[in-house]
Amino acid sequence: MITLYLFIFLPFIFACIVPFLFKYLNRQVHTGWFVMIVPLSILIYLLQFIPDVASGMTYEYTLSWIPSLGIEFTAYVDGLALLFGLLITGVGTLVILYSIFYMSKREALHNFYIYLLMFMGAMLGVVFSDHLLVFYGFWELTSVSSFLLISYWYERKSSRQGALKSMLITVFGGFGMLAGFIMLIMMGDTYSIRELIANMATIQSHALFIPAMLCVLLGAFTKSAQFPFGIWLPEAMEAPTPVSSYLHSATMVKAGIYLVARMTPIFGGSPVWFWLVSGVGVITLLYGSLTALRQTDLKPLLAYSTISQLGLIMSLLGIGSLAVYFGPGESGTVFTVAAYAALFHLFNHSTFKGSLFMVVGIIDHETGRRDIRYLGGLMQVMPITFTIALIGGLSMAGLPPFNGFLSKEMFFAAVLDVSKAGVFGLGSIGALFPIIAWVASIFTFVYCMIFVFKTFGGPYHPERLNRKVHEAPIGMLLAPLLLGLLVVLIFFFPNVLGKYILTPALSSVLPMMTPSSYDLKISAWHGLNYELLMTIGVILLGSLLYVVKKKWLPAARKFPQSLSLNHFFNEGLQGAERLSASLTSRYMTGSLRHYLIYVFAFFVLLLMGSLLLFHGIEFDFSNNAMINVFDAGLVICMIISAFTVLLASNRIVAIVALGVLGYMVSMFFVIFRAPDLALTQMVVETVTTVLFLLCFYHLPKLKKTVERIAFKWTNLIISIAVGLTVTVMALSANGHKLFEPITSFFENSYELAGAKNIVNAILVDFRGFDTMLEISVLTIAGLGVYVLIRQRSKRGKEHEAE
Amino acid sequence: MDTLIVILVGILVSIGTYLILSRHLLRIVLGTSIIGHAVNLLIVASGGLKTGGPPLLGERNKVFTDAIPQALVLTAIVINFAVTALVLVLCYRAYQSFETDDMEQLRGEANE
């Protein structure tokens with residue numbers, strides 16, 4: 001069906017039009033109004049799928065891309081993809097509406113909306129693609145567009161740094177994920193996620209099962225800012241607030257959650273998966289909530305709370321994966337509820353966190369401050385904003401009558417269940433789950449209170465603020481209001497959402513279960529049980545801690561910066577840079593001699609090593625011709641003249657000795673019965689010697705007495721080693737004559753080419769191409785010499801003219 | 001005879017390498033020339049030094065020395081000459097521009 005593709009690619013297509021809209025219409029209408037049409041239309045389009053998908057139908061369409069490699073863009077619409085698709089487009093619409101009022105017309109809006117649309121398209125591609133490699137492509141596109149959005153105000157250093165850090169970490173994870181995908185493709189022999197799920201049995205028994213799982217989890221954890229990869233998220237807060245609200249709370253950070261949920265049917269049921277996902281999730285939950293307490297800037301506070309809440313969802317998914325282990329049955333059902341809770345909280349978090357970020361944006365926009373130490377008492381000035389913040393904050397803290405309460409209750413139920421599960425060596429460690437979850441919830445409660453009441457409660461200090469404060473325009477308030485309304489509505493009617501959206505999503509996370517047969521009703525009042533008692537405890541202890549916060553909060557904020565993960569990351573990065581710089585400057589000295597030493601050393605080591613290793617040294621002297629006095633004399637003469645070149649303290653002597661060497665070589669050619677060679681060698685040697693002498697004439701006069709070469713042992717050793725290698729190799733090559741030479745063919749040169757001189761026939765007839773190119777070499781060298789000298793003289797003339 | 005030539009080649013290569021590793025541009029050129037000679041000799045020797053007539057038909061020889069290495073070396077000599085000429089002029093230019101032929105000084109700027 002082409003319309004689905006049309007809608008998935010609509011953001012990309014529309015992004016091409018945005019610059020023109022901005023250029024020609026920005027004066028009259030804010031560009032955002034046009035852009036808002038895109039997510040809205042996709043949202044309306046996707047809404048049509050709800051009834052069918054809720055009744056258990058799935059859609060699958062294939063668009064061929066590279067058929068010869070089996071790469072095609074298969075769009076697969078099921079409950080999970082639809083849930084994410086609705087979130088992306090729904091929150092996207094609201095965020096763009098908000099950005100219309102948040103972003104001034106003076107900004108580079110075309111950039112902003114192109115990046116945002118690019119992100120939206122990439123995210124839709126991630127959730128709807130069934131092909132692993134296409135999935136990866138869209139996944140990286142979300143990283144790239146996030147990078148662009150974080151560095152939107154690129155003239156700020158902190159923006160660039162934040163963008164760089166998020167890019168490094170998420171792309172690192174993305175590569176890990178790609179490796180995991182490739183292993184999955186090898187194991188399952190298919191690119192399709194659905195087919196992988198169908199081949200589950202063969203994959204689970206494969207040796208690469210655990211490595212593939214670890215690699216895929218690396219991708220999910222880095223993208224979803226899990227411990228210890230979460231450090232990029234707070235720094236990504238340098239992005240404009242609509243971006244933080246959209247990418248860094250509602251959608252992109254949930255891509256990792258999506259990946260984990262998608263892969264649960266494949267990997268779930270393995271103890272490693274359970275421990276990693278739920279363990280890392282719980283640690284992230286605690287770490288995020290603790291660190292959020294220490295923030296004074298509102299946006300990083302929300303960033304850490306996002307990390308914490310993502311940890312919560314992740315741990316719920318980990319617990320939910322136990323259902324795969326137990327399979328359909330009574331104990332499996334209990335954990336199915338955990339996965340259900342994960343999806344429920346995922347939805348809830350997008351609503352309240354999106355609205356909270358928009359609230360922070362409003363505060364920032366209206367007061368010019370984001371630091372809670374300067375803010376306070378805004379309740380009277382901004383009543384509507386306060387109401388939204390209160391709804392979001394209390395929902396995040398898990399209080400009734402907001403949707404966060406419901407998902408938190410379900411979370412507590414899940415951790416209580418897992419402590420009793422008693423599989424995968426849970427035993428007594430399992431008891432830690434409810435304790436950590438409870439403690440983290442208390443901290444969550446405290447920072448939510450800090451967020452709401454330090455900002456809006458307390459005395460009002462207009463003198464601390466940069467601007468005259470008043471309520472935000474209604475357009476800006478509209479989007480957070482709608483989200484806040486959703487927060488309340490979901491509390492009162494959770495089962496509408498549950499029945500139509502969450503249950504089909506659950507059946508894609510846990511396809512082996514049949515959720516419709518279980519009672520998955522979410523109820524606000526479920527009797528007086530442990531969960532409710534825990535919530536009451538959270539409220540009591542949290543309130544107590546909030547009241548006495550002056551006693552302990554400053555101490556918590558003094559936590560040494562040098563022990564933070566950020567510090568380790570920065571130091572590690574700088575250390576790596578320093579290390580590579582020092583390594584490079586150690587061997588890249590700029591000295592030609594050093595480089596030559598490397599080259600020669602490798603030459604000797606490789607050739608000598610392989611000769612020794614493969615027993616290639618074999619001497620055969622049987623074919624040797626006889627030596628007569630004449631030859632011996634020539635050899636001695638050559639050695640003497642070569643040494644003279646080496647040892648000469650006068651350059652003229654060295655050159656004359658080189659000339660002697662050349663003439664000796666031509667004498668050898670005479671002995672070897674090579675008249676053409678002898679002639680050429682004689683002529684060339686003469687000309688070369690003349691050239692050498694000519695060059696000498698121009699070389700420095702004051703340096704005419706040249707010092708002897710500094711005697712260097714390394715040079716000696718290396719040169720002897722090189723000579724030895726060449727000798728051994730040449731002798732071994734002579735000892736390994738395998739075939740008869742083909743010279744006999746060329747001895748027909750008279751019949752074939754009409755030439756009596758075989759060498760010349762080879763040069764101009766049999767192998768004439770060599771000669772042609774050799775002539776070109778000579779021509780190019782001649783031109784080079786001419787240009788070098790002429791350019792010099794020209795420049796010299798200019799010099800004189802000056 | 002072959003062995004003797006090969007040993008000679010080894011010695012020449014050693015000397016050439018030693019010269020190439022030295023500090024002065026001109027000695028490096030001398031070194032490359034010596035290695036060029038050595039390689040030419042090696043190529044001719046690798047064709048086998050069995051005594052036979054020069055590769056000229058019509059001289060009533062029944063056995064000829066191998067003509068292919070000779071053709072190869074002839075090409076090599078000319079190319080070697082071209083390169084040497086160019087390198088020599090380059091040395092001259094380098095000296096004119098930088099007023100030194102010491103390779104330790106001709107190493108570019110630090111941290112360029």
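Biologist: Is Ile474(A) buried or exposed?
Modeller: The model is a predicted one. Ile474(A) has a relative accessibility of 60%. The cut-off for exposed is over 50%, so Ile474(A) counts as exposed.

Biologist: Which helix of chain A supplies the largest share of the nonpolar patch?
Modeller: The patch lies on the surface and has about 1,100 Å² of accessible area together; among its residues are Ile384(A), Ile474(A), Phe492(A) and Tyr500(A). Helix 21 (474-492) and helix 22 (494-509) of chain A each supply at least two of its residues. Ile474(A) has its place in helix 21 of chain A. The largest share, eight residues, comes from helix 21.

Biologist: How many salt bridges does a search of the whole structure find?
Modeller: Side chains of opposite charge can pair when their charged atoms come close. Searching the whole structure, over all chains, gives a salt bridge count of eight.

Biologist: How many residues apart in sequence are the parts that Asp78(A) and Arg262(A) tie together?
Modeller: The side chains of Asp78(A) and Arg262(A) form a salt bridge, at 2.9 Å from N to O. Asp78(A) sits in the loop between strand 2 (71-77) and helix 4 (79-102) of chain A, and Arg262(A) in helix 13 (residues 255-267) of chain A, so the parts tied together are apart in sequence by 184 residues.

Biologist: Is Arg262(A) buried or exposed?
Modeller: Asp78(A), its salt-bridge partner, has a relative accessible area of 4% and is buried. For Arg262(A) the relative accessible area is 6%. The cut-off for buried is under 20%, so Arg262(A) is buried.

Biologist: What is the relative accessible area of Asp130(A)?
Modeller: Arg194(A), at 24% relative accessibility, counts as partly exposed. Asp130(A) is buried, and its relative accessible area is 3%.

Methods. Residues are numbered from 1 along each chain as its sequence is written. Chains are lettered from A and ligands numbered from 1 in the order in which they are written. This is a predicted model: local features need pLDDT of at least 70, side-chain atom pairs count only at pLDDT 80 or more; totals for chains, interfaces and linings use all residues. Side-chain values use heavy atoms; hydrogens and water are left out. Patches are made of residues with over 30% relative accessible area and no salt bridge: like charges are joined within 9 Å, nonpolar side chains (Val, Leu, Ile, Met, Phe, Trp, Tyr) within 5 Å. Accessible areas come from the Shrake-Rupley method with a 1.4 Å probe; for residues, only the protein chains shown count as cover. A salt bridge is a side-chain nitrogen of Lys or Arg within 4 Å of a carboxyl oxygen of Asp or Glu. Helices (H or I, at least four residues) and strands (E, at least two) are DSSP runs, numbered from the N terminus. Buried means under 20% relative accessible area, exposed over 50%, partly exposed in between (1.4 Å probe, protein chains only).
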